[in-house]
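I opened this model to look up a few local features. My notes follow the order in which I checked them.

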Amino acid sequence: MRRKQPYQSQIDDLLKFFGSNHFTGLSNDLFFRQKKRYGSNRILLAKAKSIFAIFLLELKKPLFFVMMVMCLIDIIIHSNDSGSYSGWLLLTVLLMNASLGTWQEWRSAKMLDKIKHQEHSVCMVLRNSKVSKVNDFQLVPGDIVLLSAGQKVPADLRLLESEGLVADEFVLFGSTEAKPKHNRPILDNNLPLYQWDNCCFKGTKIIAGKAKGLVYGIGVNTELGKIKQLSQSIQNRLTPIESELKKGAIFIAYFLLVLSLPMLWINIRATSHHLEELLKLFVGGNTNTFSILLAFADFKNGVKNVIEETITLGSALMPIGLPLQLYFGLLIALRKFPLTDVIFKKLSSIETLGSITTVVLDKTGTMSSNEMVIQRLVTAEGVLHISGKGYSPDGDIKIDNQELLNNSNYNNYESILQATLFCTHEQNNPPTAAIPYWHARGEATDAAFAAAGQKILKSGLKSDTNKQLIQIFEFEPSTQRSSMLWRLDGINRSFVKGTIESVLEASLFYIKDQRRFRLDADSRAMFLALANEYEKKEFRIIALATKELNDFSYYTTEDTEQRLDFIGFACLADPPHEDMPLVIEELKKLDVNIVVVTGDSPGITRALSRRIGLTTVNQQAPRAIYFNQKTAEDYERLKQEKVLILGRSSAENKQQFIKELQENGEIVAVIGDGVNDAAAIKQADVGVALAIRGADETIEAAQMALVKDKLSFFAYGLAESKALSLNIAIMTVSYLSLLFAEGFVAFADYFLPNNVLIDPSLIVLSDVVAVTAPLSVLVYDKHSFQKGHKHQKLLSANNLLTGVGFGAAIAIITFITNYLAIHFSGTQTSYTFLTFAGLVLLTTQTIMYKRAPKHSIFSSQTLNNNALLIAIGWVFFCILALFYIPVVSKLFGSTYQQVGWFEWLLLLGSSLVYGIILEALRFINTKKEPLAY
């Protein structure tokens, strides 16, 4: 057992290993020992984080950590200063940033929890020679479980007996093909999991037959449990903007340490004589306590000045306002997106979405609806076309796609309609509060016939008033047929469905115009050729036949499935999501790579791709290969052709492929709904779950959930986010200009003759309070959207250099106006006013320039955003409040004093000079190719 996989083992060896018996099952004593040894058959989702835990994770981010240290130091060194609030203000801003991020993630998690629908099932177990019904979580290895059609497999089982067992393993492998099962050992080594045909796996569904299976894996040791564990073990990656902010915070922290060294040296030189006096007092044995304390106080003040100046410089250089501005900007964007049925766990996912270079799609349930639908009924008389979506009973039936089927014309097609109606006894479930759409009660094929039967009844075929189901013969893999016996108006009749070859082989006649004709070689060939034509159109063919039976009390398959009257066949399809062609078209416009990674076969997936327009850049059919055939060359081909299909991919394959794409520099979005997609979704930069039909594990792993399973929401969100990314870049450059201007002023201010320091609280006011409004509005500025814009790093070298350039210009103009103010006025109020007002006003002009670099400040293109104009009005209000409202003046360290006309004149002059510089830049830009708005 330890050397062999369960599928390779002999049944007796497995029973002996677990101490079980084929006929009696486990004893009670052994059951309790196994329970103690192996635990419960539960697979628990990861415990949801508390709001406090999420808050702590926010505070652990490098930007917050560095700023928190600076705040605490500032609070400590100013603990005795009654009028200093800078440290507390900085701390308040940081906690506000962390709180907003915490609230968004916690709120989204709560919304997604409401969508999840974990459930437990019961199963029949043989123990102590008795068959009893138990909850699936009470199973242990060695238990013997009885399986039947319609049941979910409760654990990983090695089949001991099998009678026509067929399993739907979509949840595990993503394949639409039902799998016949047997109980024979398989001797092949290293067989892929989906080829373990003598095993059944937890979470899959039995659609036909019955069996007895030995439990060999429970809980997290099942294949389903391993996938869930893999998903939960993957750490969330930093979003592009989080990664950039982390690098920026670390860089600025080192930069501050280096920059503080000259300040420390100057202060040490300035206080060196106090240090010398202090040393002389100690060395000379002087016991004059007053002199010692005075010398120590002077030296301490020098060190305090260095710390204070470093904090001031750090406040200027740290992008404390950027997360807040991005949050508010993305919040505005989220409110304006018509995506009310999309849940973002983190707002940063919107920005990350704009960075996506590769979109990875699952096939079944994502590209397709995973709902088999009968779209054609083909007979010797003609073809009936059936419309409608999914398993809903709504839809029309048309003869040759022209005349609607009704009471007056259904007689010629009565045989095929009756066979469709009575080849299944299943009924589909109507929408409920938990599942708001029509859904299957049984196997997908039966659900398709049930939906078609309801449409037939609505179209006019009268259901027999006297009907009784007599007997059911489940699908038999050896014959490829199943049948149902009904008593209709006193006559026993069997209705058979199966593959076209098997049903034709068992038929002697065919029906046309409600008459029987001999089924000869030519007519067989005709029906096979007709079916082959529909198969080429990617339909799945299910043949239908009937037989009138003599009145017996017992029938065999020989009685019901031989010497049949062939009626025709149904054409089934798993149609693509109705909005998939639109989604593919939008993704192509955005120039992203599209990869389909599926558990289904590459051929089937390629056929579906053609139907939805998924082709290469040269309009060729996409390359479709098995996952294990993938080579390094396929990554290069993907860059050129933009499309790739990888079939027969396991959950581990999908997750590993996403990781490889990321290692090659791709930013990846993954869309899926099944458990086998959860690990890939967790690994992705943006994982997208189809929430209504999706597994709980997939919803938990995703950063974004589509509540109504509308993929067009994703395509629209991706297009909007890529357009948003340019606006975010514009906002970042504008903010960097303020950041560097503050840094230049704070650093150079130390060397001015009067040494008038900018208070960190004023930096907070300019960074967070004043310019946050226009910068946040700028994020969702539709007037500057550029569709198809390619993402650029926010803290790229180009953006940093641009920010330095604008920041230097703002700082120089601010210094000149301050020099004039100090020379003619000499008051601290003049300096404080001009520094703060100059920084925020010139930054606001930069914002207006960056959003419309080719249009004059007075043009309609520059002034066409009312929200932005209101935000600029807020900037002026902040300037006035600082100097004309006593409470605000005191809070931000300004002296309450009326600012005279001279200071206002200087501010107006500095704005005019900067405006002229920007107009000159606009004139230069107009010589280049204009931007496409």
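Entry 1, a strand pair. I looked up Phe509 and found it opposite Arg518 in β18. Strands β17 (residues 507–512) and β18 (residues 515–518) pair in the antiparallel sense over 4 bridges. I took strands as DSSP runs of E with at least two residues, helices as runs of H or I with at least four, both numbered from the N terminus; two strands pair if DSSP finds at least two bridges between them. The two strands form a hairpin with 2 residues between them, and Asp513 in the turn has a positive phi of about 55°.

Basis. The model is predicted: local features need pLDDT of at least 70, side-chain atom pairs count only at pLDDT 80 or more, and totals for chains, interfaces and linings use all residues. Residues are numbered from 1 along each chain as its sequence is written, and side-chain values use heavy atoms, with hydrogens and water left out.

Which residues of helix α19 (residues 580–589) are buried? I list Met580, Val583, Ile584 and Leu587. Buried means under 20% relative accessible area, exposed over 50%, partly exposed in between (1.4 Å probe, protein chains only). Down the axis of α19 these residues fall within an arc of 95°, so they line one face of the helix; the arc is that of the directions from the helix axis to the C-beta atoms. After α19 comes Asp591, with a positive phi near 60°.

I counted 0 disulfides, a disulfide being a pair of cysteine sulfur atoms within 2.5 Å. For Cys200 the closest cysteine sulfur is in Cys199, 7.8 Å away and too far for a bond. Cys200 is buried at 0% relative accessibility. Cys878 is also buried, at 6%.
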